[in-house]
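I opened my notebook for a look at helix packing and domain contacts. Here is what I looked up, in the order I went.

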Amino acid sequence: MSTFHRYQISHLQQLESEAIYVLRETAAQFRNPALLFSGGKDSIVMAWLARKAFHPARMPFALLHVDTGHNFPEAITYRDDFVTLIGARLVVALVQDSINQSRVAEEKGPRASRNKLQTVTLLDAIADNKFDACLGGGRRDEEKARAKERFFSHRNDFGQWDPKNQRPELWNLFNGRKHEGEHFRVFPLSNWTEMDIWQYIQQENIPLPSLYFSHQRRVFRRDGSWLDAETGFANPQPDEPIETRTIRFRTVGDVTCTGAVESTASSLDDIVAEVAAARQTERGTRADDQRSESAMEDRKKEGYF
Amino acid sequence: MDLLRFTTAGSVDDGKSTLIGRLLYDSKSIFEDQLAAVERFSQKRGDARVDLALLTDGLRAEREQGITIDVAYRYFATPRRKFIIADTPGHIQYTRNMVTGASTANLAIILIDARKGVIEQTCRHAFLANLLRIQHVVLAVNKMDLVDYSEETYERIKADFSDFASRLENLVEMTFIPISALNGDNVVDKSDAMPWYKGPTLLYHLETVYVRPGENHVEARFPVQTVIRPHSDEWHDFRGYAGRVAGGVFKPGDAVVALPSGFQSRIKSVHSADGDLQEAFAPLSVTLTLEDEIDISRGDMIVKPNNPPETGQDLEAMICWFSERPLSTRARFALRHTTREVAAIVKDVRYKVNINTLHKIEDDLVFRMNDIGRIAIRTSAPLMFDSYAKNRITGSFILIDEATNETVAAGMII
């Protein structure tokens, strides 16, 4: 019995070890990979794992931030501190540049969001920097179209995903071969759940943006979640009164489509307890997924994260 | 808490998606917004009741046509265990998907429709689980409500399946459970309708079954993924070999050999970002440093001198063929094995297997999509390998078509 127990590892160790393996395969199989970094908790955990995977050397990836310009200021401050902490190189691609170059047109109306425009900026940044693989923090438990993603996900020369024609992925043998102009999205956190992410942040004591913790904020109600009214990027309508609430964010992204939940969870312990009891998925507060039943699938096919 | 990876296999309409929906729903892994979305869709389509199968249908074509495309991965947890389900569809490209799902699983659930009993597909699923060396198989006899919860029917299915399974070469541990996924009998809660069944519910079995670790902790195997050389003053002399242990245990001081070069050294440290470790074993990702400066790069393997793997350029293997284009002998492929990639030629097709009858096919040796059989391969450079029976990591490979870059076959070394 003792020999058996000696070689047992926890589920977090298994997930960590798998993610590090995938990160190292990415470094080994591609010439110029980038790690997509949004300042959200999943990309934070992924960058943390990348630091570990190549320690004591620096990670062989640039961090790529596709910046809609509609940021929470806390997220940008955090981003710059974190990049310094883990010793990485940051590349920022601005959606505003894509708008100025008329590559995309700003959405109109009270619900205008730059979320969808990011896809063009991302694909341009991939082409301009000659990135041949982009590491993403996507998890299969997040959304049903993501449940079918591979660790190594092939993208054609238009950056598109073809879910009906994916390469089979067996054991831990990843096939990253591609033709000129094609690239890969790689998802080291594929097998992690939201709970695993939080437990890992807790175990590793990873610093997070303050937005994830309970705080008072001026917000307004739309489609069942609270949207920020402080940064000025989301436009409350006359029938959407602004009030002050005690909230926190379960995901951090573009201000216009990231909803908050009412919460008093002010520590990692509180958050883990809250996540365990949650009856709504974290993407339930994401307006971008609620546009239609297959919103995520459609965006992914176009080349979204 | 530990982790159990399992795969589910079933034929069309045997209620597999309903079963998974039921496991997720009854274990409270379904969130309100997910359930609300499914209710909306079920209503729109005019279903008589909420279709739990919709919880697992991800893509638009799947929801519209009521089918499943491709392997999907699901996650749920109970206070006892965390689970990863590889959910494989029953119709299109069946074998390819099941082999993919089974390659990372430690347990397989095979669904049997109680009205139909053991059919060809059941045997095919059992054969594949066996081929992929899944040690635990659960036979979930579903739709018991449609056979009046008959003990006799259940016992007959059990006997039929056991008879078939006795012909499999690598006999596995089998557990039979009578269920109704639609009504929830014996899935999470014990059924009142089958007092004659004294065994566990499906979920209780999944939570408590002792799963032998899939890893090999005897023969030491460390395929090198990448070499770590920090160009910093603090770590000036550091030269580490990063990889994930594929077998055995590595400790500082252990004598090791690097293959294929054959250079010998000793382990200086087992490095991790959190400090040096006392030992490393599968499936941990670590970085090894050695006492001597020897030339090691990606694709090499660090092993121990007393139990080395086989080294050679000729392999005998069982393969499953995935491509729409048939396999022709003399065809050239890229072969990926652990972290090593070499060119390979299929020298000979020994036989194919009729996976419904387990008979060898020797008069038609052309591999078409979903065919399984034995081949002989010659590689351009030596591989360091074990039989798949001994080690799932060092005993498996994939073949890649060099023109299309598609993964065209999965191989298990004999």
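How far apart do the C-alpha centres of domain 2 of chain B and domain 3 of chain B lie? I found them 30 Å apart, keeping in mind that this is a predicted model.

**Entry on chain B, domains**

I noted the bounds as well: domain 1 covers 2-208, domain 2 covers 221-303 and domain 3 covers 310-413 of chain B. Next I looked at who takes part where domain 2 of chain B meets domain 3 of chain B. Domain 2 of chain B gives 11 residues to this contact, and domain 3 of chain B gives 10 residues. On the domain 2 side, I traced the largest share, four residues, to strand β7 (residues 221-228) of chain B. I also sorted that side of domain 2 of chain B by class and wrote down six nonpolar, three polar and two charged residues.

**Entry on chain A, helices**

Then I turned to helix α3 (residues 41-54) and helix α7 (residues 194-204), both of chain A. Their axes are 11 Å apart, and the helices pack at an angle of about 50 degrees. I therefore logged α3(A) as oblique to α7(A). I put the crossing of α3(A) past α7(A) down as left-handed.

Which residues meet between α3(A) and α7(A)? From α3(A) I listed A:Lys41, A:Asp42, A:Val45 and A:Trp48. Their partners in α7(A) are A:Ile197, A:Tyr200, A:Ile201 and A:Glu204. By class, I have five nonpolar and three charged residues in the contact of α3(A) with α7(A), and no polar ones.

Methods. Residues numbered from 1 in each chain as written. Chains lettered and ligands numbered in written order. Predicted model: local features only at pLDDT ≥ 70, side-chain atom pairs only at ≥ 80, totals over all residues. Axes fitted to C-alpha atoms, helices over the stretch in contact; angles between N-to-C directions. Helix = DSSP H or I, 4+ residues; strand = E, 2+ residues; numbered from the N terminus. Parallel < 35°, antiparallel > 145°, perpendicular 65-115°, else oblique. Left-handed = near helix turned anticlockwise from the far one by under 90°. Contact = placed C-beta atoms within 7 Å. Nonpolar A, V, L, I, M, F, W, Y, C, P; charged D, E, K, R; others polar. Domains from an automatic or database assignment.
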